[in-house]
Amino acid sequence: MIGDGSSPLPLNRRRLTNIDSMEAASAKAKLAAAKEKFGREIHVFETEGPSPIQNEVPSTEESDDVYEFTAEDYHRVIATKKEDNYLKTRKIREAEEAARRSRVTKAVIRVRFPDNHTLEVTFHPSETIQCLYDLIMRVISRPDLPFYLYTTPPKKQIKDMTQDIFSTGFIPGAIVYFSYDLPKGADATAANSAACLLDEVVFERFGGHSWC
């Protein structure tokens, strides 16, 4: 008897395939439920070690020490800037700004928490920082405690809630950090060591990966 060259999958492989399919379907359903509840897609990642104190943005630019900037270069740059400012009217600058805005359709914001979880959310560049704060209030486990967001380096607290994400410079994306605004002591230590996000939010984690 001549076979067709194919053979059935081993039983254990079939089981793993079924489990993977079930997990994928479950994750998809949870993503849909979160989007319906919070009005946008959210993802949660688990990072290794404590939150970094500086942005992990790789740079391939050469050091400024490579170049020798002379006095002649300085005066040439200043003269060029003055000429550019003179030639560009306010309307032209506004048109250029509008064109830049129109090309950017989304901003991916990653919020890092003291418990080594990172929340990734997509916003429209025209949305304000207040929208980010409002969302965080809905996903954290202790919304009753005061908190603030900041960027680093250098450490700078985000205070202007009315500024939009584009004007803040959070395009095409940014990493911001979450911290409870509590006096140093037992309460602050307990808050920062506890889970920051609601259990229902932490539905999809990619443990064991460090990323920025």
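Helices (H or I, at least four residues) and strands (E, at least two) are DSSP runs, numbered from the N terminus. The views show a predicted model, in which local features need pLDDT of at least 70, side-chain atom pairs count only at pLDDT 80 or more, and totals for chains, interfaces and linings use all residues. Residues are numbered from 1 along each chain as its sequence is written, and side-chain values use heavy atoms, with hydrogens and water left out.

View 1. With a relative accessible area of 15%, D164 is buried (under 20% relative accessible area, 1.4 Å probe, protein chains only). A polar atom of the D164 side chain lies 3.1 Å from the backbone nitrogen of F166. Leaving aside neighbours within four places in sequence, D164 is in contact (heavy atoms within 4.5 Å) with R101, P125, S126, E127 and T128.

**View 2. The open sheet of six strands.** The strand order is β1-β3-β2-β6-β4-β5, with mixed pairing; two strands pair if DSSP finds at least two bridges between them. β1 (42-46) and β5 are the edge strands, each pairing on one side only.

**View 3. The antiparallel pair of β1 and β3.** Five bridges join β1 to β3 (residues 117-123). In this pair, E46 stands opposite H117 of β3.

**View 4. Helix α4 (residues 129-139) across the sheet strands β2 (107-112), β3, β4 (147-151) and β6 (173-180).** Helix α4 runs at about 130° to β4, where axes are lines fitted to C-alpha atoms, for helices over the stretch in contact, and angles run from 0 to 180 degrees between N-to-C directions.

Note on methods. Buried < 20%, exposed > 50% of the residue type's maximum accessible area, 1.4 Å probe, protein only. Polar contact = N/O pair within 3.5 Å; in protein donor to acceptor, adjacent residues only side chain to side chain.
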